[in-house]
Amino acid sequence: MAVGLVGAPRKDPGGPAGPTAAAVVPRVGENSQVAFELPVVDAVNLAAWCEVHLGSPVKGELFRTCHLTCVIGIVLADGREVVVRVRPAAPRIAACTEAQRRLFHSGYPCPQPLAGPAPLGEYEATAESLIAGGARLPDSGRSAQPFAVALAQLVQLAPGPGQMPSLAPAPAWAAWNHDQGGLWPWPEDLDVDLNQVDGSGWIDAAGQAARQKLREGRDQAVVGHGDWITDNLRWDGDRLLVAYDWDSLITDSEAVIAGLAAAIYLYPALPTTTETHEFLDAYATARARPFSPGELRRCWAAGVWTRAFDAKQEQAAGQPVTRLTQDEAHERLRRAGMR
């Protein structure tokens, strides 16, 4: 769940841009070293892409937020409102789009993929239906139950990993099992090797302990959302209206997918250990199967990993470390069976 720089929120602005959308720091969605760059999408090329791939030229733009990904809301001449997402090409984008398509046809509340991935200049673009409206939080506020239920439904309806192309590599904030060498994978929006950043040793120790616990698991892999946070969700009461940012799909165990979400779902607010516990309880109830003791420990370890990754990025950027405290790391690792 890598944090954005200079206080910006986390990752990809998947849906309609609101008053704060321009502050959202999107991600490439690649667990690999990348150049920090801003996709430039001019109106002429965008119109040509839409005419070829959507069958209609652009009438006007509704919003545009750009960082590593450029997310553009447009109205087509035929009246449709769509979102075009432009980012560096990556093989996993086709797999994410295919999984999103299958989830849409299963009835899950996500935008309908309409086109792509297809080249747009030196980048790659996809288009999806625009679903506007909804509240940033359920009517129940910080309550974990709606978030957990919606994620469990997604995992249940998603295609199995063997039924679709690979989603690897996972985004860095979820890539505890990366193969780059060293403890930390290369971040998407910070041009630095986190393994070379000196600072508070407890952050590295927490990440290492969490990774060690996660490596003990041999759980069945499923497809889930690796960025289950308020920026990517909109609600109608306590019912999920739409989930965005399907570039953040990952393949991992259900314990890891639930554990990541339980530690970050209120982002940019931070779930407490009590709220994380409530999320995991609600998720187990929603899937009608309790976590085994080993699974539950790995749930907690996954949350430590992603919060420690965020803290390490804050440290690397010279910012105050806010995403995880040493005391909280100790308590979460204790629940993961590591202290």
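**Ground rules.** This is a predicted model, so local features need pLDDT of at least 70 and side-chain atom pairs count only at pLDDT 80 or more, while totals for chains, interfaces and linings use all residues. Residues are numbered from 1 along each chain as its sequence is written, and side-chain values use heavy atoms, with hydrogens and water left out.

**Whole protein.** Show the cartoon. The protein has eight helices and nine strands. These are DSSP runs numbered from the N terminus: helices are H or I with at least four residues, strands are E with at least two. Of the 339 residues, 57% are buried. Buried means under 20% relative accessible area, exposed over 50%, and partly exposed in between (1.4 Å probe, protein chains only). Contact means heavy atoms within 4.5 Å. Among contacts between residues at least 6 apart in sequence, 70% join residues at least 24 apart.

**Helix H1.** Select 43-54. The twelve residues should span 16 Å at 1.5 Å a residue, and the end C-alpha atoms are 15 Å apart, which agrees. The expected span is 1.5 Å times one less than the number of residues. Now pick Leu-46, Trp-49, Cys-50 and Leu-54, which are buried in H1. They cover an arc of only 100° around the axis, so they sit on the same side of H1. That arc is taken from the directions from the helix axis to the C-beta atoms. Val-44 and Val-52 are exposed, on the face turned away from the buried side. What covers the buried residues? Strands E1 (58-66) and E2 (70-76) do, along with E3, E4 and E5, among the cover.

**The cavity.** A cavity is a set of points on a 1 Å grid over the protein atoms alone where a 1.4 Å probe fits but cannot get out; a pocket is an open set with protein on both sides within 12 Å along at least five of seven lines; lining residues have an atom within 4 Å of a point. Grid points join across faces, edges and corners, and a volume is the space filled by probe spheres set on the points. There is one cavity of 30 Å³ or more. The largest cavity holds about 90 Å³. Select Arg-87, Thr-97, Gln-100, Thr-126 and Glu-128: of the 14 lining residues, these lie nearest its centre. Strand E3 (81-87), helix H2 (91-105), strand E4 (113-120) and strand E5 (123-129) each give two or more residues to that lining.

**The pocket.** The largest pocket holds about 280 Å³. Select Ala-168, Pro-169, Ala-170, Asn-177 and Thr-251, nearest its centre among 18 lining residues. Strand E9 (residues 249-253) gives the largest share, four residues.

**Asn-195.** Find Asn-195 in the loop between helix H3 (144-157) and helix H4 (201-214). Its relative accessibility is 29%, so Asn-195 counts as partly exposed. Beyond its neighbours within four places in sequence, Asn-195 contacts Gly-181, Gly-182, Leu-183 and Trp-184.

Most residues other than glycine have a negative phi, and most peptide bonds are trans. Select Gly-116 and Pro-117: a cis peptide bond joins them, with omega about 5°. Pro-117 is in strand E4. Tyr-267 and Pro-268 are also joined by a cis peptide bond, with omega about 15°. Last, select Asp-245, where phi is positive, near 60°. Asp-245 is buried, at 1% relative accessible area. Ala-288 has a positive phi of about 60°, and Ala-288 is exposed at 70%.
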